[in-house]
Amino acid sequence: MVSAVFVSVLNSSMVNVVVPVIGRDYGVTEAQVGWVITGFLLTFAIGIPLYGRAADVFSVRRAFTVGLLAFAAGSLLCASAPSLGMLVLGRIVQGAGGAAIPALSSVSVAKILPPGERGSALGLIVSSVGIGAAIGPVVGGAVGSLVGWHYLFIGTLILTAALIPAALYVLPDDSPEETRGFDLPGGVLLGLAAGLFLFGITRGQVSGFDSASSWGSFVGSALAALGFGWRIRSAAEPFVSPTLFRNRAYVAAVVVGYFCMLANVSALVFVPLLVSEANGLSPGQAGLVLTPGAVALAIISPLAGRWSDRIGVRPLIFAGLATMLFSVLSISTFGAGATPVVVSLGMLGIGAGFALANSPNVNAAASSLGPDEVGAGLGIFNGAFFLGGGTGPAMVGAFLAARKEADSGALNPLYALDAAAFSDAFLVLSLALLISLVAALGLRSTTSKETA
């Protein structure tokens, strides 16, 4: 699972770097080539909760293998794509298969390991995210410039092909003894609610949030969410039980995960933009500013997971969120427009705080669920986590653009430098982390002693 998550994150971070090159090769506009990212994200968002429930109904091994096969097929289409249309199709297939990886990595840990022994495994999985995110841009830039971006997908295909027999060999066949129904309409409605919401955010970033495509997507998302709520109350075998959303500890973990991920990914997106505009750094130099945070995430995540089994999840989650909040406020107050070293120290704090909070929060979500709810519950949890990372940069980006256009003083009264719009953007991220801190009050502190 650690290897699969690494390959998934590596694939995304590699491709993001070469999107401008793809656009030039095919001679298309920025909006058109943007579908290389958007097509992947939409099917990814829709697929995550579906795979979680599929693990409950069919088994982790079967669901994960199907996902890897689709991910490999999409990689093959992308590697041989003669046109942008074929490349986008390949990315859609990749997203449909790749959604199995984040959805089932935590589900497999929760199904295979008992409470009190999950933290270390979850920490290792999160650590692989940091490593993949740090290595991906370097690999993508190097391979893309030396032999061409098609070879990135060939590499993904080879790595995924190696994972398929490994998954069949290692993962247990935990098929339920009793046949269960798979509420496909409920799953599709939930997936559409997530996918249309993300599409509305994406279109709002491109065409403005007052555009018909953006607000129309939000309306469609709301209708799908209402339909999902009706479906789980009326279906004989619903996608998830309505009682799941009355589970205070689980809902608290979902809210913490969404806003924590929103803040983390937004910082990863806007710090390079900040140091490029305010300090004149090249893309490569801007990437180095992020390195301390990625290293901290890779090193601390396994430790935080192990600690969460020993001392409980709440102390680590509160410590992590508080560290992230302090770091974001430091960038807003002292970092925006200052030397890149100050910003890099802020990213070190954000990466360390995210590492402290993330795997214990996944542990908290898993521990709040019953055996029959783990797949669907963690599928929804991971879907919300992914949506936080997808929606944050778009919403904060729109706010940043508005503050630049206003060309007024910083909202932070302690700020005294000359990048006020970026100071305001990071101030907004502090609000997201405050929401996470309040939501964390609803978590149960789960330890091995308590769950024995």
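The legends below accompany close-up views of a predicted model.

Residues are numbered from 1 along each chain as its sequence is written. Because the model is predicted, local features need pLDDT of at least 70 and side-chain atom pairs count only at pLDDT 80 or more, whereas totals for chains, interfaces and linings use all residues, and side-chain values use heavy atoms, with hydrogens and water left out.

View 1. The structure holds 11 aromatic pairs, a pair being two rings of Phe, Tyr or Trp (its six-membered ring) with centres within 6.5 Å, called stacked when the planes are under 30 degrees apart, edge-to-face when over 60 and tilted for the rest. The rings of Phe-40 and Phe-44 have centres 5.2 Å apart and planes at 25 degrees, so this pair is stacked. Phe-40 and Phe-44 are 4 residues apart in helix α3, and are therefore separated by about one helical turn; helices (H or I, at least four residues) and strands (E, at least two) are DSSP runs, numbered from the N terminus. Phe-40 is buried at a relative accessible area of 5%, and Phe-44 is buried at 7%, where buried means under 20% relative accessible area, exposed over 50% and partly exposed in between (1.4 Å probe, protein chains only). Phe-44 also forms a tilted pair with Phe-386, 4.9 Å centre to centre and with 55 degrees between the planes. This second pair links distant parts of the chain, since Phe-44 lies in helix α3 and Phe-386 in helix α15, 342 residues apart. Phe-386 is likewise buried, with a relative accessible area of 15%.

**View 2. The second largest pocket and its lining.** About 530 Å³ of space lies in the second largest pocket. Of the 18 residues that line this pocket, Leu-190, Ala-193, Ile-380, Ala-384 and Leu-387 are the closest to its centre. Two or more lining residues come from each of α3 (35–57), α9 (184–207), α10 (212–234), α11 (248–279) and α15 (374–406). By class, the lining has 16 nonpolar, 2 polar and no charged residues, with Ala, Val, Leu, Ile, Met, Phe, Trp, Tyr, Cys and Pro counted as nonpolar, Asp, Glu, Lys and Arg as charged, and the others, Gly among them, as polar. Pockets and cavities are found on a 1 Å grid over the protein atoms alone: a cavity is a set of points where a 1.4 Å probe fits but cannot get out, a pocket is an open set with protein on both sides within 12 Å along at least five of seven lines, and lining residues have an atom within 4 Å of a point. Grid points are joined across faces, edges and corners, and a volume is the space filled by probe spheres set on the points.

**View 3. The largest cavity.** The count comes to 1 cavity of 30 Å³ or more, and the largest cavity has a volume of about 30 Å³. Its lining is made up of Val-256, Gly-257, Cys-260, Phe-354, Ala-357, Asn-358, Asn-361 and Phe-385. Both α11 and α14 (340–367) supply at least two lining residues, and the largest share, 4 residues, comes from α14. By class, this lining has 5 nonpolar, 3 polar and no charged residues.

**View 4. The largest nonpolar core, around Leu-104.** A nonpolar core is a set of buried Ala, Val, Leu, Ile, Met, Phe, Trp, Tyr and Cys residues joined through side-chain atoms within 4.5 Å. Of the 104 residues in the largest such core, Leu-104, Leu-321, Leu-378 and Phe-426 touch the most other members, while α11 gives the most to this core, with 16 residues. Leaving aside neighbours within four places in sequence, Leu-104 is in contact (heavy atoms within 4.5 Å) with Met-1, Tyr-51, Gly-52, Ala-55, Val-60, Ala-63 and Phe-64.

**View 5. Ser-128 and Ser-59, two buried serines****.** Ser-128 lies in helix α7 (residues 119–146) and counts as buried at 3% relative accessibility. Not counting residues up to four places away in sequence, Ser-128 touches Val-2, Val-5 and Phe-6. Ser-59, by contrast, is found in the loop between α3 and α4 (60–79), and is buried with a relative accessible area of 0%. Although Ser-59 is not a glycine, this residue has a positive phi of about 130 degrees.
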